[in-house]
Amino acid sequence: MFIYFECSHGHRLKTDRRHAGKPSQCPQCRIPLTVPQPQANPITDSGVVRLLGEHQAPAKPSFAALEPEQACPRCGGEIATAARICKHCEVYLAPDQKLWNVSLKSSSKRR
Ligand SMILES: [Zn+2]
Ligand SMILES: [Zn+2]
């Protein structure tokens, strides 16, 4: 396995991994240099993608943008569309809006 590096003059050099960290010299310009250590963990493509993803992660949208208000069918109060329980009359709001009558009956019996 070889180590690829450049001398201070930009000459591209290749040497055996066994020479890593040892003093050497460029065979072209004779400049003294030290063979660098081989990179243990070069960045892979997936690593680059992950770093970019973290860097460009969009901010979470606000709740106001996600939950426009709707009117409660029982009390008419404004509640969030995603809400399951009316904050005004505490009636249960089924997502498909089919269980409202059931909830109304059960709540009236409890009283
Ligand atoms: Zn050189
Ligand atoms: Zn209500």
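Reader: How many helices and strands does the protein have?

Author: The protein has three helices and six strands. Helices (H or I, at least four residues) and strands (E, at least two) are DSSP runs, numbered from the N terminus. From the N terminus on, their order is β-β-β-β-α-α-β-β-α. Please note that this is a predicted model, in which local features need pLDDT of at least 70 and side-chain atom pairs count only at pLDDT 80 or more, while totals for chains, interfaces and linings use all residues. Residues are numbered from 1 along each chain as its sequence is written, and chains are lettered from A and ligands numbered from 1 in the order in which they are written.

Reader: What percentage of the 111 residues of the protein count as buried?

Author: A residue is buried if 20 or more other C-beta atoms lie within 10 Å of its own, exposed if 12 or fewer, and partly exposed in between, with C-beta atoms placed from the backbone. Of the 111 residues, 3% count as buried. Strand 2 lies largely in the open because the number buried among its five residues is zero.

Reader: Which value does phi of Arg 30 take?

Author: The general idea comes first: most residues other than glycine have a negative phi. Phi of Arg 30 is near 65°, a positive value in a residue other than glycine. Arg 30 lies in the loop between strand 3 (23-25) and strand 4 (32-34). Arg 30 counts as exposed because it has 8 C-beta neighbours inside 10 Å. Glu 90 likewise has a positive phi near 65°. Its place is in the loop between strand 6 (78-80) and helix 3 (100-110). With 12 C-beta neighbours inside 10 Å, Glu 90 counts as exposed.

Reader: Where does Pro 27 lie, and where is the place of Pro 73?

Author: Pro 27 is found in the loop between strand 3 and strand 4. Pro 27 has 10 C-beta neighbours inside 10 Å and therefore counts as exposed. Its C-alpha atom is separated by 8.5 Å from that of Leu 13, 14 residues apart along the chain. Pro 73 has its place in the loop between strand 5 (69-71) and strand 6. Pro 73 counts as partly exposed because 13 C-beta neighbours lie inside 10 Å. The C-alpha atoms of Pro 73 and Leu 93, 20 residues apart along the chain, are separated by 9.1 Å.

Reader: What percentage of the contacts with a separation of 6 or more comes from residues 24 or more positions apart?

Author: Two residues are in contact if their C-beta atoms, placed from the backbone, lie within 7 Å. Among the contacts in the protein with a separation of 6 or more, residues 24 or more positions apart account for 10%.
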